[in-house]
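Subject: Handover of a structure and notes on its contents

Dear colleague,

Please find below the structure that I am handing over to you. My notes on it follow directly after.

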Amino acid sequence: MTRSCSAVGCSTRDTVLSRERGLSFHQFPTDTIQRSKWIRAVNRVDPRSKKIWIPGPGAILCSKHFQESDFESYGIRRKLKKGAVPSVSLYKVLKSSCKQS
């Protein structure tokens with residue numbers, strides 16, 4: 001199954017073509033504090049509960065949502081720097097439209 005970027009309004013899918021175009025895909029961190037920062041940055045609302053969306057184990061974000069300075073290069077490979085938080089082209093919802101869990 002092809003995975004899609006979890007950012008609201010982003011239709012980027014993790015495919016061979018996307019990767020050939022230089023996009024990379026990044027799973028939500030397992031570190032609790034860093035994961036919380038990503039969740040807040042994505043600012044997504046669960047449509048059923050109207051609470052802040054909690055990503056599942058396969059949730060990913062594409063590289064479009066990170067600054068170039070958030071990456072380290074290792075030859076042809078790119079890796080997110082420790083502590084990088086998504087900050088580019090993220091959908092912003094009104095804080096009052098969702099409830100904290």
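Predicted model: local features only at pLDDT ≥ 70, side-chain atom pairs only at ≥ 80, totals over all residues.

Residues are numbered from 1 along each chain as its sequence is written, and side-chain values use heavy atoms, with hydrogens and water left out.

Overall layout

The chain contains two helices and four strands, taken as DSSP runs numbered from the N terminus (helices: H or I, at least four residues; strands: E, at least two). Their order from the N terminus is α-β-α-β-β-β. Of the 101 residues in the chain, 37% are buried; here buried stands for under 20% relative accessible area, exposed for over 50%, and partly exposed for what lies in between (1.4 Å probe, protein chains only). The accessible surface amounts to about 7000 Å², and carbon and sulfur atoms account for 52% of that area. These areas come from the Shrake-Rupley method with a 1.4 Å probe, and for residues only the protein chains shown count as cover. If one takes the contacts (heavy atoms within 4.5 Å) between residues at least 6 apart in sequence, 57% of them join residues at least 24 apart.

The nonpolar core

A nonpolar core is understood here as a set of buried Ala, Val, Leu, Ile, Met, Phe, Trp, Tyr and Cys residues joined through side-chain atoms within 4.5 Å. The largest one has 21 residues, and those with the most contacts inside it are C5, A7, F28, W38, L61, F66 and L80. Both α2 (32–42) and β2 (60–62) supply at least two residues of this core, and α2 gives the most, with four. Apart from its neighbours within four places in sequence, W38 touches H26, Q27, F28, P29, L61, F66, L80, A84, V85 and P86.

Which residues of α2 are buried? They are Q34, W38, I39, A41 and V42. Seen down the axis of α2, these residues fall within an arc of 165°, so they line one face of the helix; the arc is that of the directions from the helix axis to the C-beta atoms. They pack against β1 (25–27), β2 and β4 (77–80). On the face turned away from the buried side, α2 carries the exposed residues T32, I33 and R40. N43 follows α2 and has a positive phi, near 55°.

Salt bridges

Three salt bridges are found in the whole structure, each being a side-chain nitrogen of Lys or Arg within 4 Å of a carboxyl oxygen of Asp or Glu. R3, D14 and R19 are linked in a network of such bridges. R3 and D14 both belong to the segment before α1 (16–20), 11 residues apart. The side chains of R19 and D14 meet at 2.7 Å, N to O. D14 is buried, with a relative accessible area of 16%, whereas R3 is partly exposed at 30% and R19 is partly exposed at 43%.

The side chains of E68 and R78 form a salt bridge at 2.9 Å, N to O. E68 lies in the loop between β2 and β3 (71–74) and R78 in strand β4, so the pair ties together parts that are 10 residues apart in sequence. E68 is exposed, with a relative accessible area of 58%, and R78 is partly exposed at 25%.

Cysteines

The structure has zero disulfides, a disulfide being a pair of cysteine sulfur atoms within 2.5 Å. C5 takes part in none, and the nearest cysteine sulfur, that of C10, is 3.8 Å away. C5 is buried, with a relative accessible area of 7%. For C10, the closest cysteine sulfur is that of C62, at 3.8 Å, which is too far for a bond. C10 is also buried, with a relative accessible area of 17%.

With kind regards
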